[in-house]
Structures are given as C-alpha cells and as structure tokens.
Amino acid sequence: MGNIRPTYIKRVAIELVDKYPDLFSDDSNVNKALVHKLCDVRYKGMANRIAGYATTYRRVSRARLQLESV
C-alpha cells in the first residue's frame, strides 16, 4: 500500500516543483534542504514530508514525460 498524504502537503510540493523545476531533483536530501530554504514551515517533519512528496512527484512526472515521448 502507498502513503496517503494530506492535500496541503501535496499542494505545497507541487507548487514548489512547478515554480522551481530546475532546483528540485530525485534526491530527497537535496529537496529537504530546498524546502527548508524556500518555505516557512514550522515543523521539521512537515517539511520533510513535503520534500518527500516533491521527490516522488518529480520522479513520476519525469517518467510520464518519457512515456509520452515514445
């Protein structure tokens, strides 16, 4: 079973990836540092969940683009 994330985590992560597509990568540790820099999130755990979803969203969107180009 997959993880079920709240809508606000998804919304913030997608907004960040769309706004800064060249900064985010497939490495979650790099994305954690970016989320801490770019957002004013109170809790470390919430920022880590946003970074984790941003990583997953980036991987899925990149795979989707590769499938469409074939």
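1. Start with the core. In this predicted model, the largest nonpolar core holds 13 residues. Those with the most contacts inside it are Ala13, Leu16, Phe24, Val35, Ile50 and Ala54. The largest share comes from α3, with five residues.

2. Look next at Ala54, one of the core residues with the most contacts. Which residues does Ala54 contact, leaving aside its neighbours within four places in sequence? They are Ala13, Val17, Phe24 and Asn31. Asn31 is found in helix α2.

3. Now the packing of α1 on α3. Two packed helices are described by the angle between their axes and the distance between the axes. For α1 and α3 the angle is about 60 degrees, and the axes are 8 Å apart. Angles of 65 to 115 degrees would count as roughly perpendicular and those under 35 as roughly parallel, so α1 is oblique to α3. The crossing is right-handed.

4. The residues behind that contact deserve a look.

5. Turn to α2 and α3. Their axes come within 8 Å and cross at roughly 125 degrees. Over 145 degrees would count as roughly antiparallel, so α2 too is classed as oblique to α3. The crossing of α2 and α3 is right-handed.

6. Which residues of α2 meet α3? They are Ser28, Asn31, Lys32, Val35 and His36. On the α3 side are Lys44, Ala47, Asn48, Ile50, Ala51, Ala54 and Thr55. The residues of this contact of α2 with α3 divide into five nonpolar, five polar and two charged.

7. Not counting residues up to four places away in sequence, Asn31 touches Phe24, Ser25, Ala51, Ala54 and Thr55. Asn31 and Ala54 are 23 residues apart in sequence. Their C-alpha atoms are 7.4 Å apart in space.

8. Finally, check Arg49, which is found in helix α3. Its relative accessibility is 41%, so Arg49 counts as partly exposed. Leaving out residues up to four places away in sequence, Arg49 touches Arg5, Pro6 and Ile9. How far apart are the C-alpha atoms of Arg49 and Pro6? They are separated by 9.9 Å, with the two residues 43 apart along the chain.

Note on methods: Residues numbered from 1 in each chain as written. Predicted model: local features only at pLDDT ≥ 70, side-chain atom pairs only at ≥ 80, totals over all residues. Heavy atoms only, no water. Core = buried A, V, L, I, M, F, W, Y, C linked by side-chain atoms within 4.5 Å. Buried < 20%, exposed > 50% of the residue type's maximum accessible area, 1.4 Å probe, protein only. Helix = DSSP H or I, 4+ residues; strand = E, 2+ residues; numbered from the N terminus. Contact = heavy atoms within 4.5 Å. Axes fitted to C-alpha atoms, helices over the stretch in contact; angles between N-to-C directions. Left-handed = near helix turned anticlockwise from the far one by under 90°. Nonpolar A, V, L, I, M, F, W, Y, C, P; charged D, E, K, R; others polar.
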